[in-house]
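Subject: A structure for you to look at

Hello,

Here is the structure I promised to pass on. Please have a look at it first, and then read my notes below.

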Amino acid sequence: MSHHTIQDRAKNLIKGIQHTVLVTTDEHGMPQPRTMFVLEVTNDFTTYFATGRTMQKCSQIAANPKVCLFWTQVQEGQLGPGYVCLKGEATVTDEQSLRHRFWKDEFKQYFPFGKDDPDYVIIVVKPKELLVMDSMKYPLDKVEF
């Protein structure tokens with residue numbers, strides 16, 4: 001199966017899912033999952049999140065940038081049969097153009113100084129591997145970037 005077909009299937013699965021699980025690794029080597037609001041997933045699967053500079057995930061990314069993102073379908077209040085797993089490398093940036101691009105007024109409750117709040121940063125995840133489950137067959141379809 002072509003990489004483009006697998007990527008299209010992944011895009012169809014995550015379309016409309018606003019939250020994903022971001023998994024970092026703590027100082028003991030243990031996975032640390034948390035639900036995150038997705039700001040954007042680009043055509044090449046670069047994924048963006050907003051967070052606070054002082055949040056634990058930022059120091060975990062600085063120590064080990066390897067992360068995993070996980071989207072799962074929900075149908076009628078139940079977990080659906082499909083999911084997408086994206087493994088990649090994350091960076092935390094305070095690049096002004098990104099902060100302004102992704103600013104939402106509802107962020108003001110966390111960042112009272114607005115889009116220029118010094119605590120407001122963007123997590124950027126660059127993909128390394130994409131796994132797609134939507135057909136109940138194994139092994140999962142995979143794309144490496």
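**What I found**

Glu-129 counts as buried, at 15% relative accessibility. Here buried means under 20% relative accessible area, exposed means over 50%, and partly exposed lies in between (1.4 Å probe, protein chains only).

Before going on, a word on the source: this is a predicted model, in which local features need pLDDT of at least 70 and side-chain atom pairs count only at pLDDT 80 or more, while totals for chains, interfaces and linings use all residues. Residues are numbered from 1 along each chain as its sequence is written, and side-chain values use heavy atoms, with hydrogens and water left out.

**Salt bridges**

Glu-129 has a charged partner: its side chain meets that of Lys-87 in a salt bridge (3.1 Å, N to O). This pair links distant parts of the chain, with Glu-129 in strand S7 (residues 120-133) and Lys-87 in strand S6, 42 residues apart. Lys-87 itself is partly exposed, at a relative accessible area of 38%. By salt bridge I mean a side-chain nitrogen of Lys or Arg within 4 Å of a carboxyl oxygen of Asp or Glu. Helices (H or I, at least four residues) and strands (E, at least two) are DSSP runs, numbered from the N terminus.

The structure holds 7 salt bridges. Another of them joins the side chains of Glu-144 and Lys-142 (3.5 Å, N to O); Glu-144 is exposed, with a relative accessible area of 51%, and Lys-142 is partly exposed at 39%. Lys-87, Glu-129, Lys-142 and Glu-144 are linked in a network of salt bridges.

Asp-94 and Arg-53 also form a salt bridge through their side chains (3.2 Å, N to O). They sit 41 residues apart, Asp-94 in the loop between strand S6 (78-93) and helix H3 (96-102), Arg-53 in the loop between strand S4 (47-52) and helix H2 (56-63).

Which residues of H1 are buried? They are Ile-6, Gln-7, Arg-9, Ala-10, Leu-13 and Ile-14. These residues lie on the same side of H1, because they cover an arc of only 160° around the axis (the arc is that of the directions from the helix axis to the C-beta atoms). They pack against strand S3 (40-41), strand S5 (66-75), S6, S7 and strand S8 (141-144). The face turned away from this buried side carries the exposed residues His-4 and Asn-12.

Just after H1, Gly-16 takes a positive phi of about 85°. Not counting residues up to four places away in sequence, Ile-17 touches Trp-71, Thr-72 and Gln-73, where contact means heavy atoms within 4.5 Å.

**The cores**

A nonpolar core is a set of buried Ala, Val, Leu, Ile, Met, Phe, Trp, Tyr and Cys residues joined through side-chain atoms within 4.5 Å. The largest one has 21 residues, of which Phe-49, Leu-69, Trp-71, Val-84, Ile-123, Val-125 and Leu-130 touch the most other members. H1, S5, S6 and S7 each supply at least two residues of this core. Apart from it lies another core, of 11 residues, among them Ala-50, Leu-98, Phe-111 and Val-124.

Best wishes
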